[in-house]
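Please look first at the sequence and the structure shown below, and then read the report beside them.

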Amino acid sequence: MKTHTPTILITGASSGFGAACARRFARDGARLILLARSQRPLQALADELAGQAEAVLVRVLDMRDRAAVLGLREDLPPEWRDIDILVNNAGLALGVAPAHEADLEDWEQMVETNILGLIRLTRALLPGMVARNRGHIINIGSTAASWPYPGGNAYGGSKAFVAQFTRNLKADLVGTALRVSNIEPGLANTNFSKTRFKGDAAQADAVYAGTEPLRAEDIAQTVHWIASQPAHVNINSVEIMPTCQAWAGWAVDRAPT
Ligand code: NDP
Ligand code: 8X3
């Protein structure tokens, strides 16, 4: 008997973790829906995976577009609507300015993408998952959710939301077969810093200089591992840092002696 081929929707699949997740799940012959704003890298990835994945569908969508996100499921061809795994990965950090100097529009974009986009898509897909009693929501949070650092302000706050939202989803879904997980990566070399520094490659490269950061494939491997657990096992959260990273001590402003 043919086993069920999962349909996996990955947001932010045009680069970094999302693209790596697509490559990892394609090796299993999954059905993939790849979503982001940038059509060209999405299509290139779909072409690359054509021989491996059972099927690949590309959707150009801005996670901040409320109507598009809420209407996504109905806009999909009928045979693509029953999504088994949602990888809520699309997100970004913008800037490292201290809170009193930060650009409010940067904060709003992070909240609209990392929080509103994520909860809208989740809310749009959950009823179908519950009706089928099948589904796994895998959120991409961050170490910034738990560990503050200067300039992390709204970004860290948005990822703290993701962590608590994940836990509360699990509380609501107990009694169903649905699973909910949150992955919290630390320093990882993707386009993340280039986006954060608004295209300044030198500033972005400096973030990783002299380190061996996480790779996108490390996170994809973890997403895949979480999704591959037996049905009775729910991985609630996984925090991952590169070996070269740790927490800072307390910052204390001392009066001169
Ligand atoms: P990338 O910049 O490489 O990828 C980000 C992805 O998000 C892109 O595919 C981008 O696509 C998509 N995206 C951003 N904004 C939107 C939007 N409004 N609508 C649709 N898609 C959007 O970075 P990462 O792969 O590193 O980031 C993936 C996730 O991992 C993010 O949530 C990030 O916060 C998180 N993370 C990253 C860490 C790191 O150090 N790299 C560590 C911890 C967490 P496009 O621009 O084409 O829309
Ligand atoms: C990305 C990790 O430390 O840049 O979420 O916030 S960090």
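## The surroundings of ligand 1

How many residues surround ligand 1, and which are the closest? Ligand 1 is surrounded by 29 residues, where a residue counts as near if one of its heavy atoms lies within 4 Å of the molecule, and the closest are Ser15, Arg37, Ser38, Tyr155 and Thr190. This is a predicted model, in which local features need pLDDT of at least 70, side-chain atom pairs count only at pLDDT 80 or more, and totals for chains, interfaces and linings use all residues. Residues are numbered from 1 along each chain as its sequence is written, chains are lettered from A and ligands numbered from 1 in the order in which they are written, and side-chain values use heavy atoms, with hydrogens and water left out.

By class, the shell around ligand 1 holds 11 nonpolar, 14 polar and 4 charged residues; here Ala, Val, Leu, Ile, Met, Phe, Trp, Tyr, Cys and Pro count as nonpolar, Asp, Glu, Lys and Arg as charged, and the others, Gly among them, as polar.

A polar contact with a ligand is a pair of N or O atoms within 3.5 Å. An N or O atom in the side chain of Ser38 is 2.4 Å from an oxygen atom of ligand 1, while a backbone N or O atom of Met63 lies 2.8 Å from a nitrogen atom of the ligand, and a backbone N or O atom of Asn191 lies 3.2 Å from an oxygen atom of ligand 1. Taken alone, ligand 1 exposes 880 Å², of which the protein buries 94%, with accessible areas computed by the Shrake-Rupley method with a 1.4 Å probe.

## The surroundings of ligand 2

Ligand 2 is surrounded by Ser142, Ala144, Tyr149, Tyr155, Phe192 and Arg196. An oxygen atom of ligand 2 is 2.5 Å from an N or O atom in the side chain of Tyr149, and one is 2.6 Å from such an atom in the side chain of Tyr155, a residue that is also among the closest to ligand 1. The protein covers 80% of the 240 Å² of accessible area that ligand 2 has on its own.

## Two helices

Helices here are DSSP runs (H or I, at least four residues), numbered from the N terminus. The axes of α4 (residues 104-132) and α5 come within 9 Å and cross at roughly 15°, the axes being lines fitted to C-alpha atoms over the stretch in contact, with angles from 0 to 180 degrees between N-to-C directions. The two helices α4 and α5 are therefore roughly parallel to each other, a term for angles under 35 degrees.

Notes:
Polar contact = N/O pair within 3.5 Å; in protein donor to acceptor, adjacent residues only side chain to side chain. Parallel < 35°, antiparallel > 145°, perpendicular 65-115°, else oblique.
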